Amino acid sequence: MRCVIVQTMKDRIFLYGAWCVAIIAMLGSLFFSEVMHLPPCILCWYQRICMYPLVLILGVGIYTRDKHIVSYVLPLSILGMGIALYHNLLYYGFIPESLAPCRAGISCTTKLIEWWGFVTIPFLSFVAFGLITTAMFLVLKQSKGNNHA
């Protein structure tokens, strides 16, 4: 069963917010790798694979007022959030480094940046995916409220 969303003004605000988060996350990851020359680990690549298409999917979905946009965005945002959660647990030592998928190249636990003692690249990714996922659930909740009204 597909979720059908009739986009109200409130829905569009959540969708635009999610799109802005996806754009900022994509540009941020490109800044880290291309400008700061920080090499991405394998988990960072997987998160990019989930995030980058969201920029296009959300942009086109907003432009065309696609009624199924949440169905396209949620699988990628939830998967990306799961990978980011695993990356954070690995990064902060809750999961042993022996379970890291990084066998060649940079380790998934290498501390490349750490602002204010807790803001790291995996943390930023988790927050971005969390915001996008939350926005999609808010759109879904809003549309269910509109359908029952």
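Modeller: Among contacts between residues at least 6 apart in sequence, 72% join residues at least 24 apart. Please note that this is a predicted model.

Biologist: What is the secondary structure of the protein?

Modeller: There are four helices and zero strands, in the pattern α-α-α-α along the sequence.

Biologist: And how many of the 149 residues count as buried?

Modeller: The share is 40%. The protein exposes about 8500 Å², of which carbon and sulfur atoms supply 72%.

Biologist: Which residues of α1 are buried?

Modeller: They are D11, R12, L15, A18, V21, A22, M26, S29, F32 and S33. The helix covers residues 9-35 and reaches 37 Å from its first C-alpha to its last, close to the 39 Å expected.

Biologist: What follows α1?

Modeller: H37 follows, with a positive phi near 60°.

Biologist: Turning to R48, where is its place?

Modeller: R48 lies in helix α2, residues 42-64. R48 is buried yet has no salt bridge.

Biologist: How far away is the nearest side chain of opposite charge?

Modeller: That side chain is E34, 5.6 Å away, whereas a salt bridge requires a distance within 4 Å.

Biologist: Which residues is R48 in contact with, leaving aside neighbours within four places in sequence?

Modeller: R48 is in contact with S29, L30, S33, P40 and P53. Of these, S29 and S33 are among the buried residues of α1.

Biologist: Finally, what is the reach of α3?

Modeller: Its 23 residues, 69-91, reach 32 Å, close to the 33 Å expected. Its buried residues include I69, V73, G80 and Y91, and α3 is followed by G93, whose phi is positive, near 85°.

Definitions and conventions:
Residues are numbered from 1 along each chain as its sequence is written. This is a predicted model: local features need pLDDT of at least 70, side-chain atom pairs count only at pLDDT 80 or more; totals for chains, interfaces and linings use all residues. Side-chain values use heavy atoms; hydrogens and water are left out. Helices (H or I, at least four residues) and strands (E, at least two) are DSSP runs, numbered from the N terminus. Buried means under 20% relative accessible area, exposed over 50%, partly exposed in between (1.4 Å probe, protein chains only). Lys and Arg count as positive and Asp and Glu as negative; His and the chain ends are not counted. Contact means heavy atoms within 4.5 Å. The expected span of a helix is 1.5 Å times one less than its number of residues. Accessible areas come from the Shrake-Rupley method with a 1.4 Å probe; for residues, only the protein chains shown count as cover.
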